[in-house]
Amino acid sequence: MCRNIRVLHNFEPPATDDEIEAAAIQYVRKVSGTTRPSAANEEAFGDAIRAVTAATRALLDSLVTKAPPRNREVEAAKAKARAAERYGLRGAASG
């Protein structure tokens, strides 16, 4: 359920509000154990998403690093390579 939470710190350009909110949604889904809250819990679910989004933004805004900013395309290529190594290449023809 939390596979969509990605590292958001130290990228150029910085993480967008949409990326931060998406990570917050995944976090709240994981903690609550549900992808869609019941009508009775919808308000609490939304409140939690807003609180986690705000806390994440505050954290990212306050972090300091000496490392150069990461490149999104390079990090995505690294992740694909790790996945290919871990799970094998999908659709590869058998020999």
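A: We start with a definition: a residue is buried under 20% relative accessible area, exposed over 50%, and partly exposed in between. The model here is predicted. K78 has a relative accessibility of 41%, so K78 counts as partly exposed.

Q: What does K78 meet in a salt bridge?
A: A salt bridge is a side-chain nitrogen of Lys or Arg within 4 Å of a carboxyl oxygen of Asp or Glu. The side chain of K78 meets that of E75, at 3.4 Å from N to O. The two are about one helical turn apart, because 3 residues separate them in helix α3. E75 is partly exposed, with a relative accessible area of 25%.

Q: How many salt bridges does the structure hold?
A: There are 5 salt bridges. One of them joins E19 to R72, with the closest N and O atoms 3.1 Å apart. This pair links distant parts of the chain: E19 is in helix α1 and R72 in helix α3 (residues 72–87), 53 residues apart. E19 has a relative accessible area of 28%, so E19 is partly exposed. R72 is also partly exposed, at 24%.

Q: Which residue forms a salt bridge with R50?
A: R50 pairs with D47, and their closest N and O atoms are 2.6 Å apart. Both residues lie in helix α2, 3 residues apart, about one turn of the helix. R50 is exposed because its relative accessible area is 53%, while D47, at 38%, counts as partly exposed.

Q: Which residues are linked in a network of salt bridges?
A: The network links D17, R57 and D61.

Q: How many helices and strands does the chain have?
A: The chain has 3 helices and 0 strands. From the N terminus on, the order is α-α-α. Of the 95 residues, 15% count as buried.

Q: Why does F45 count as buried?
A: F45 counts as buried because its relative accessibility is 12%, and the cut-off is under 20%. F45 is in helix α2 (residues 42–62). Contact means heavy atoms within 4.5 Å. Leaving aside neighbours within four places in sequence, F45 touches V28, R29, S32, T34, T35 and P37. Between F45 and S32, 13 residues apart in sequence, the C-alpha distance is 8.4 Å. I25 in helix α1 is 20 residues from F45 along the chain, with 8.9 Å between their C-alpha atoms. I25 counts as partly exposed, at 22%.

Q: Which residues make the nonpolar surface patch?
A: I5, Y27 and V31 make a patch of about 280 Å². V31 is in helix α1 (residues 17–32), and its 58% relative accessibility is why V31 counts as exposed.

Q: Where does R70 lie?
A: R70 lies over the face of F11, at 5.5 Å from the ring centre. Aromatic pairs are another feature to look for, and the structure holds 0 of them.

Q: Which peptide bond is cis, with omega near 0°?
A: The bond from E12 to P13 is cis. P13 lies in the segment before α1.

Q: What is phi of N10 near?
A: Phi of N10 is near 65°, a positive value in a residue other than glycine. N10 is also in the segment before α1. With a relative accessible area of 15%, N10 is buried.

Technical notes. Residues numbered from 1 in each chain as written. Predicted model: local features only at pLDDT ≥ 70, side-chain atom pairs only at ≥ 80, totals over all residues. Heavy atoms only, no water. Patch = residues over 30% accessible without salt bridge, like charges linked within 9 Å, V, L, I, M, F, W, Y side chains within 5 Å. Areas by Shrake-Rupley, 256 points an atom, 1.4 Å probe, with all protein chains shown as cover. Helix = DSSP H or I, 4+ residues; strand = E, 2+ residues; numbered from the N terminus. Buried < 20%, exposed > 50% of the residue type's maximum accessible area, 1.4 Å probe, protein only. Phe/Tyr/Trp six-rings, centres within 6.5 Å; stacked < 30°, edge-to-face > 60°. Lys NZ or Arg CZ within 6 Å of the ring centre and 35° of its normal.
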